[in-house]
Amino acid sequence: MPTPTSSAFTSRTDLDDKFTQNGDNMSPPISWSKGPAGTQSYAVLAEDSGVNRKDPIVHWIIYNIPSTTYSLPQNVPGDATLENGAEQGKNVRGNAGYIGPKPPASQVHPYHFQVFALNTKLDIDPANADRAAVVAAMKNHVLAQGDLAVNYTGK
């Protein structure tokens with residue numbers, strides 16, 4: 001199972017401001033354990049599930065991470081395609097790359113950094129890679145998944 005961890009926080013702790021829109025708005029470092037045999041790529045979704053709506057708010061979609069890669073550094077550039085071939089889908093604002101949380105003042109929201117080990121690479125143009133497209137493309141291809149949840153309180 002690709003169990004995610006971060007050197008910046010542990011499960012159910014508070015996210016540092018620098019990873020939010022109230023700070024530097026940079027992506028946190030995320031690492032995970034090796035996926036099961038047959039893993040061809042990884043995908044990471046960072047989402048706010050603490051909202052009263054059908055789908056969570058998407059803060060980061062990164063997919064086609066090579067099967068030999070087990071981490072993302074802090075402050076990943078917002079390019080649609082990264083040096084290692086990984087691709088970034090659309091966040092809540094419709095842009096590629098990470099966008100940090102910014103819940104309403106005094107509201108505590110949970111943010112989930114989910115890692116999926118896939119038995120394929122996803123054939124999606126980053127320009128069309130919103131949450132619905134990526135989740136649909138992953139269907140029947142997830143070998144294992146892990147989740148790291150962290151909280152953030154709006155300022």
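**Pocket and cavity**

Tutor: The largest pocket holds about 200 Å³ of space. This is a predicted model, in which local features need pLDDT of at least 70 and side-chain atom pairs count only at pLDDT 80 or more, while totals for chains, interfaces and linings use all residues. Residues are numbered from 1 along each chain as its sequence is written, and side-chain values use heavy atoms, with hydrogens and water left out.

Student: What makes a space a pocket or a cavity?

Tutor: On a 1 Å grid over the protein atoms alone, a cavity is a set of points where a 1.4 Å probe fits but cannot get out, whereas a pocket is an open set with protein on both sides within 12 Å along at least five of seven lines; lining residues have an atom within 4 Å of a point.

Student: Which residues lie nearest the centre of the largest pocket?

Tutor: Of its 13 lining residues, Pro 56, Val 58, Asp 130, Arg 131 and Ala 132 lie nearest the centre. H1 gives the largest share of this lining, 3 residues.

Student: Which residues line the largest cavity?

Tutor: They are Leu 15, Ala 46, Glu 47, His 59, Tyr 98, Pro 101, Tyr 111 and Phe 113, around a volume of about 30 Å³.

Technical notes
Grid points are joined across faces, edges and corners, and a volume is the space filled by probe spheres set on the points. Helices (H or I, at least four residues) and strands (E, at least two) are DSSP runs, numbered from the N terminus.
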